[in-house]
Amino acid sequence: MMGVLNHLSTLLLLSLLPPAFSRVVNRFDPECTEFFLGGTTPNLPGILVDGKVRDQNRYKPICQLFKYMKNKVVYNTYMFATLYDTTNRIPVFSAYTFTGVGSSGKRPDKWMIEPQLDGGVDPVMILEKQGVIYTHQAVNQDYDIDGKNKKVNKGHMFSKAFAHQPVNQDSTFTLTNSVPQVKTFNEGSWAKMELKVRKILLKQCLDNNVIKAYVVTGAVPSKSNTLNNRVNIPDIMWTAYCCYNSEKKEWMAEAHWGENKEETNKKVLDPHPLSDLYDMLKQYYPGGDVQVFPKKCPIGSSQKEREKSREREVGMLVGKG
């Protein structure tokens, strides 16, 4: 009798858990809208348009569910959102909120995986299981076998440095949130950019003295460069943020990107308006408008528009001369 009661109790608890995000095959689940400004997901032609995934067999929306214990109570909490490419075995992007910088926890020794991408039933990110073949996602062995030869490491989309508390930081260590990133790039211009952006978010993204910014970080895959003949090594990594400053009464936004390749000098990733980022991404996602944030976020003038403006100014000066 006790065995039956225990079984029923387990079923009841499972029924009360939030739905697993990777079960949703065509759009991001409402449980995950908090990580997107206004609940609006990015627009990437051919991949994600108007909140709907185009190739539902290849691209999987994941609401990153993390299990942890606090005061002897077990919690299952959504930490961020990821659109995952099961063919290239890297994320298209991860979306998250920045709410400040807290104490830094110890860096986890191991990286987790998303079991439901390969037929598992557990909706929570977990460590790999011995003997299980993970076909649709990267695993630690991919990096262990070929990482040293390729001079790459696991590059976060949602960076540990942008996570508020140790539990949030731990949740970023899942392979569905990482790409093979060239070490000198990861530890060079990309790391310096992240530190600068973090300082800006802390100072500028204040809404009635509450820190909050929406951030999306993504990767543009290469055509054939792979890790362990399985995991795509992206050509470009990009990131953008948008936030509201109540003192200035305005929305603020900025973008950065860089080539995922060896760096031998002190390279700097300059900030760009969103319009420049959209123009850059259109080269890789043709066939429609690219948009990372809703229209309330200022996109600024694109580089092409600025060049045309300068040409007009020079022409006017020459005419006057």
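Predicted model: local features only at pLDDT ≥ 70, side-chain atom pairs only at ≥ 80, totals over all residues.
Helices (H or I, at least four residues) and strands (E, at least two) are DSSP runs, numbered from the N terminus. Residues are numbered from 1 along each chain as its sequence is written, and side-chain values use heavy atoms, with hydrogens and water left out.

Points are joined across faces, edges and corners, and a volume is the space filled by probe spheres set on them.

The largest pocket has a volume of about 320 Å³. Its lining comprises 15 residues, with Arg 107, His 156, Ser 159, Asn 186 and Glu 194 nearest the centre. Strand E6 (152-156) and helix H5 (189-204) each contribute at least two lining residues, and H5 gives the largest share, 4 residues. The lining divides into 5 nonpolar, 5 polar and 5 charged residues (nonpolar: Ala, Val, Leu, Ile, Met, Phe, Trp, Tyr, Cys and Pro; charged: Asp, Glu, Lys and Arg; polar: the others, Gly among them).

Two cavities of 30 Å³ or more are present. The largest cavity has a volume of about 80 Å³. Of its 13 lining residues, Tyr 96, Phe 162, Val 215, Thr 217 and Thr 239 are closest to the centre. This lining has 8 nonpolar, 3 polar and 2 charged residues. The second largest cavity holds about 40 Å³, and its lining includes Tyr 96 and Val 215. Strand E10 supplies the largest share of that lining, 3 residues, and the residues divide into 10 nonpolar, 1 polar and no charged.

The whole structure contains 10 aromatic pairs (rings of Phe, Tyr and Trp, the last by its six-membered ring, with centres within 6.5 Å; planes under 30 degrees apart are stacked, over 60 edge-to-face and the rest tilted). Tyr 96 and Phe 162 form an edge-to-face pair, because their planes stand at 90°, with ring centres 6.4 Å apart. Tyr 96 lies in strand E5 (residues 90-98) and Phe 162 in the loop between E6 and helix H3 (166-171), 66 residues apart. Tyr 96 is buried at 2% relative accessibility, as is Phe 162 at 4% (buried: under 20% relative accessible area; exposed: over 50%; partly exposed: in between; 1.4 Å probe, protein chains only).

Definitions and conventions. 1 Å grid on protein atoms, 1.4 Å probe; cavity = no way out; pocket = protein on both sides within 12 Å on 5 of 7 lines; lining within 4 Å.
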